[in-house]
Amino acid sequence: MSFPIDRPRRLRRTESVRRLVRETDVLPRHLIQPLFVEEGSGIKSPISTLAGQFRWSPDTVGGVARECAELGLPAVLLFGIPAKKDALGSEAWNADGVVQQAVRAIRDAAPGLVIMCDLCACEYTSHGQCGVFEGGEVQNDPTLELYAKTALSYAEAGADFVAPSGMMDGTVGALRAALDDAGHASVAILSYAVKYASAFYGPFREAADSAPQEGDRRGYQMDPGNAREGLREAALDELEGADILMVKPAGPYLDVITRLRERTDLPLAAYQVSGEYASIMHAGAAGLLDGDAAMLEAVRGIRRAGADIVVTYAALDLARRYRDHGTL
Ligand code: PBG
């Protein structure tokens with residue numbers, strides 16, 4: 001027999017054959033677009049740290065949400081930037097708060113779109129920590145009460161999902177119980193189950209005005225060296241009633257996504273965070289690489305690792321490219 005026996009290149013010769021054997025698709029239905037909303041009206045203000053992303057006001061966010069829906073994105077994830085902050089972050093559960101207004105506006109503009117609300121305190125607290133901050137530490141159980149109030153407020157505004165991102169112990173169980181008790185059994189929970197204390201959140205903290213005033217988040221977000229601990233976090237959230245589990249960031253933690261995919265039968269999401277997105281955008285803008293191709297490759301890699309769903313700032317752009325080219 002002559003060498004080589006097998007020639008894998010036969011399946012790479014033309015784009016048609018490559019498409020035929022491609023294992024991992026990226027389609028609009030796999031993607032969630034994060035949207036930032038701030039108080040005011042008529043606002044579409046570019047976010048300097050996140051090229052192509054904007055802060056919207058409740059009266060303008062409906063338009064972009066409708067475009068997301070029309071292009072086949074199933075869901076948006078809302079982040080609120082309140083006009084005023086206090087020690088407990090009480091604007092988070094204001095029935096007329098910025099996220100609550102945005103939920104109602106999006107529901108009108110794009111009735112079928114899945115509306116998810118990021119649920120955390122850091123954008124709402126004057127100290128920028130993700131909960132009740134006392135004695136130099138975030139107090140776990142008192143924080144759960146604030147999260148529960150916020151979840152109910154988002155549910156009452158019409159959210160389909162709450163997405164707790166604060167990494168307090170027992171969050172999912174506390175939210176599930178609070179939602180069920182208040183008659184919101186059909187509001188789902190997308191849990192940021194495995195969330196690392198990451199340097200890749202830098203551009204977000206600028207965008208959402210949520211950097212901690214003192215200290216850091218390593219007392220609740222996970223150590224980047226740990227994978228098994230992430231599996232344990234995810235198992236707890238599953239037991240407590242999470243509907244979708246999420247790993248965040250995505251790119252530096254692909255091994256965690258793969259290992260978790262093998263352990264759970266729940267849908268698995270991964271969040272390509274602000275620093276991952278901004279790095280690619282900047283490198284593209286500097287002419288160091290083809291930004292569009294690199295973004296798609298990064299998202300495809302997250303899917304290939306095992307994520308069913310990718311939260312990415314590039315979602316709307318990828319959906320537009322899909323519309324224009326019929327493929328990604
Ligand atoms: C809120 C929250 C953060 C992100 C999502 N939800 C910030 C943080 O934990 O510091 C980061 C998103 C991103 O970087 O794109 N707790």
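Helices (H or I, at least four residues) and strands (E, at least two) are DSSP runs, numbered from the N terminus. The model is a predicted one, so to speak of local features takes a pLDDT of at least 70, side-chain atom pairs count only at pLDDT 80 or more, and totals for chains, interfaces and linings use all residues. Residues are numbered from 1 along each chain as its sequence is written, and side-chain values use heavy atoms, with hydrogens and water left out.

**View 1. The end of helix H11 and what the helix packs on.** Within H11 itself (residues 315-325), Ala315, Leu316, Leu318, Ala319 and Arg321 are buried; buried means under 20% relative accessible area, exposed over 50%, and partly exposed in between (1.4 Å probe, protein chains only). Those buried residues pack against S1, H2, H10 and strand S12 (309-312), where contact means heavy atoms within 4.5 Å.

**View 2. Strand S4 and its two partners.** All 7 of the 7 residues of S4 (residues 75-81) are buried, so this strand is largely enclosed by the rest of the structure. Ala75, Leu77, Phe79 and Ile81 point one way, while Val76, Leu78 and Gly80 point the other. Two strands pair if DSSP finds at least two bridges between them. S4 has 7 bridges to strand S1 (residues 31-38), running parallel, and 4 bridges to strand S5 (residues 114-119), also parallel.

**View 3. From S4 over H3 to S5.** Together, S4, helix H3 (residues 98-109) and S5 form a right-handed β-α-β unit. Right-handed here means that, with the strands pointing away from the viewer, the path from the first strand over the helix to the second runs clockwise.

**View 4. Helices H9 and H10 side by side.** H9 (residues 274-285) and H10 (residues 291-305) pack at about 155°, with their axes 8 Å apart. That makes H9 roughly antiparallel to H10. On the H9 side the contact comes from Tyr277, Ile280, Met281 and Gly284, and on the H10 side from Gly291, Ala294, Met295 and Ala298. Axes are lines fitted to C-alpha atoms, for helices over the stretch in contact, and angles run from 0 to 180 degrees between N-to-C directions. Angles under 35 degrees count as roughly parallel, over 145 as roughly antiparallel, 65 to 115 as roughly perpendicular and the rest as oblique.

**View 5. Helix H10 meets H11.** Here the axes of H10 and H11 come within 11 Å and cross at roughly 105°. That makes H10 roughly perpendicular to H11. Asp292, Ala293, Leu296 and Val299 of H10 touch Asp317, Leu318 and Arg321 of H11.

**View 6. Val64 in helix H2.** Val64 sits in H2 (residues 58-70) and is buried, at a relative accessible area of 8%. Leaving aside neighbours within four places in sequence, Val64 is in contact with Leu35, Trp56 and Leu316.

View 7. The peptide bond from Lys248 to Pro249 is cis, with omega near -10°; Pro249 lies in the loop between strand S10 (244-248) and helix H8 (254-263). Met167 has a positive phi, near 60°, though not a glycine, and lies in the loop between strand S8 (161-164) and helix H5 (171-181). Met167 is buried, at 9% relative accessibility. Asp209, another non-glycine, also has a positive phi near 60°, but counts as partly exposed at 44%.
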